[in-house]
Amino acid sequence: MQEYSTDKCDQLLGEIPADVAPLITWGPQGQAGIDKALPSGWELSPFNCRLNVWGAFGNHNVRDQMSFYEVWTAGVMMAGVCARYGKPGKYEHL
């Protein structure tokens, strides 16, 4: 069984630019006007902490806007609630 590490998650969260502005346009890789391709993610020491951003319902052909701050806050919640107990977590509908 995989054990998740809050230390690694804190390290990973420190690498995400937690800026409120500007809004980032997420969507299909290679499409005009996309700032960050879906799926996207950050990982430290495989499986000790990983944060993935997926399209709605696993559909990566959608376009959406959100700031890195919104991604960071979801990661903070998962690290504090899930990884703290050595469990994986999932946050939907940012």
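Predicted model: local features only at pLDDT ≥ 70, side-chain atom pairs only at ≥ 80, totals over all residues.
Start with the cysteines. The structure holds 1 disulfide. C9 and C49 form it, with their sulfur atoms 2.3 Å apart. The torsion about their S-S bond is about 110°, so the disulfide is right-handed. What does the pair tie together? C9 lies in helix α1, which spans residues 6–13. C49 lies in strand β4, residues 49–53. The bond therefore ties together parts that are 40 residues apart in sequence.

Are the two partners buried or exposed? C9 has 6% relative accessibility, so C9 counts as buried. C49, at 5%, counts as buried too. The cut-off for buried is under 20% relative accessible area.

C82 is another cysteine to check. A disulfide needs sulfur atoms within 2.5 Å. C82 also counts as buried, because its relative accessibility is 15%.

Now turn to the sheet. An open sheet is built from 3 strands, in the order β2-β1-β5, and its pairing is mixed. The edges are β2 (36–38) and β5 (64–66), each of which pairs on one side only. Neighbouring strands of this sheet are turned by 35° against each other on average, direction ignored. Strands of a sheet pair through backbone hydrogen bonds, either parallel or antiparallel. Strand β1 covers residues 24–28 and runs antiparallel to β5, to which 3 bridges join it. Within this pair of strands, W26 stands opposite D64 in β5.

W26 leads on to the nonpolar core. The largest such core has 18 residues. Which of them touch the most other members? They are L12, I16, W26, W42, L51, V53 and V71. Several elements contribute: α1, β1, β3 (40–44), β4 and α2 (68–81) each supply at least two residues. Helix α2 gives the most, with 4 residues.

Which residues is L51 in contact with, leaving aside its neighbours within four places in sequence? The partners are L12, I16, S40, G41, W42, V71, G75 and M78. Among them, L12, I16, W42 and V71 are also listed with L51 as touching the most other core members.

Notes
Residues numbered from 1 in each chain as written. Heavy atoms only, no water. Buried < 20%, exposed > 50% of the residue type's maximum accessible area, 1.4 Å probe, protein only. Pairing = 2+ DSSP bridges. Axes fitted to C-alpha atoms, helices over the stretch in contact; angles between N-to-C directions. Core = buried A, V, L, I, M, F, W, Y, C linked by side-chain atoms within 4.5 Å. Contact = heavy atoms within 4.5 Å.
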